[in-house]
Amino acid sequence: MSDISHDAQELADSYDHISDSQFKRGVLLAKMMGIRAGDAVLDVGCGTGRLSMYLSTVLGPHGRVVGIDPSPYRIGVAGDKLKGLNDANVQFAIGSGERPGSFSAGTFDHVCYCSVFHWIDDKPTALASSYRLLKPGGKVGITTGDRENPSGVKRITNRLFTQTPYAGRVKTAEDASKPVTENELDTLLKDAGFEDIEIVKRTSKRYYSSPEEVFRFNEASSFGNFLRHVPESLRPQARADIADELEKCRTSDGIEIVTKTLYAIARKPA
Ligand SMILES: C[S@@+](CC[C@H](N)C(=O)[O-])C[C@H]1O[C@@H](n2cnc3c(N)ncnc32)[C@H](O)[C@@H]1O
């Protein structure tokens, strides 16, 4: 499991406010998966619960969604959204892709991983769990970064960290974010037993007023792992160098970050 020990209340609160891009991707994924009233959904890595809460309105009184996340801070923010709601068809619990919790096999119609899959270290184990928890004919849905088309800060650091003074000192293998390629994702899904695999790439743009705003987004989204693999002594310089590169992406609308996302949907055989 990726390291969630650096997460904090402040990062979880911040994420809840700055995660519109992830939320929009989740809503689109849910539509692509055909999630509908009455279904049972597992939202893996639900973060602060924005997508789960949206899904609860789609699923209606006869459906239900369970959001799981390894971060107690994020599950805390998500749980606060249930206060005062009676008969909520949504539930939040600590759990991860690799260790989702004690659900019976064949519990869910859908399992989604929205902006989560690249944070999962043991992807085969996570997909095997999803397969087990799905009903026959149920679907897994994933939105995740594309390693062949890195976006934003990742595109900048991939290049920067091959240069002096970073080369050989940045522990690239310890970067908490481990995106896959389209082919790798296809193979992972096939190996887990899924069929009818459909993977599409979508491009989106977001604008930021300053490099600091980009850093805040990355810190909150990575639950405190941003630049953690860079030696502490090099981090201030790394932030300054990344900020310079981000300024080169400034347009009249702000710093433009282009994100390429893989959307994958696959079915457990009926
Ligand atoms: C960028 S957030 C996405 C949150 C939410 N799905 C959304 O769309 O807004 C990534 C989330 O993945 C969670 N996470 C990290 N490692 C995980 C793992 N191994 N299994 C499941 N979730 C994990 C983090 O705690 C964090 O809440």
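I began with the shell around the ligand and sorted its residues by class, which gave 12 nonpolar, 11 polar and four charged residues; here Ala, Val, Leu, Ile, Met, Phe, Trp, Tyr, Cys and Pro count as nonpolar, Asp, Glu, Lys and Arg as charged, and the others, Gly among them, as polar. I note that this is a predicted model, in which local features need pLDDT of at least 70 and side-chain atom pairs count only at pLDDT 80 or more, while totals for chains, interfaces and linings use all residues. Residues are numbered from 1 along each chain as its sequence is written.

I then looked up which of the 27 residues around the ligand come nearest, and found Gly45, Gly47, Ser96, Gly97 and Cys114; a residue is near a molecule if its C-beta atom, placed from the backbone, lies within 6 Å of it.

Among helices (DSSP runs of H or I, at least four residues, numbered from the N terminus), α2 (20-33) and α3 (50-59) each supply at least two residues of the shell, and α2 gives the most, with three.

Next I checked α3, where seven of the 10 residues are buried, namely Arg50, Leu51, Ser52, Met53, Leu55, Ser56 and Leu59. Buried requires 20 or more other C-beta atoms within 10 Å of the residue's own, exposed 12 or fewer, and partly exposed lies in between, with C-beta atoms placed from the backbone. Just after α3, I found Gly60 with a positive phi of about 70°.

Last, I looked up Asp80, which is found in helix α4 (residues 72-80) and counts as partly exposed because it has 13 C-beta neighbours inside 10 Å. Its C-alpha atom is separated by 9.6 Å from that of Gly49, 31 residues apart along the chain.
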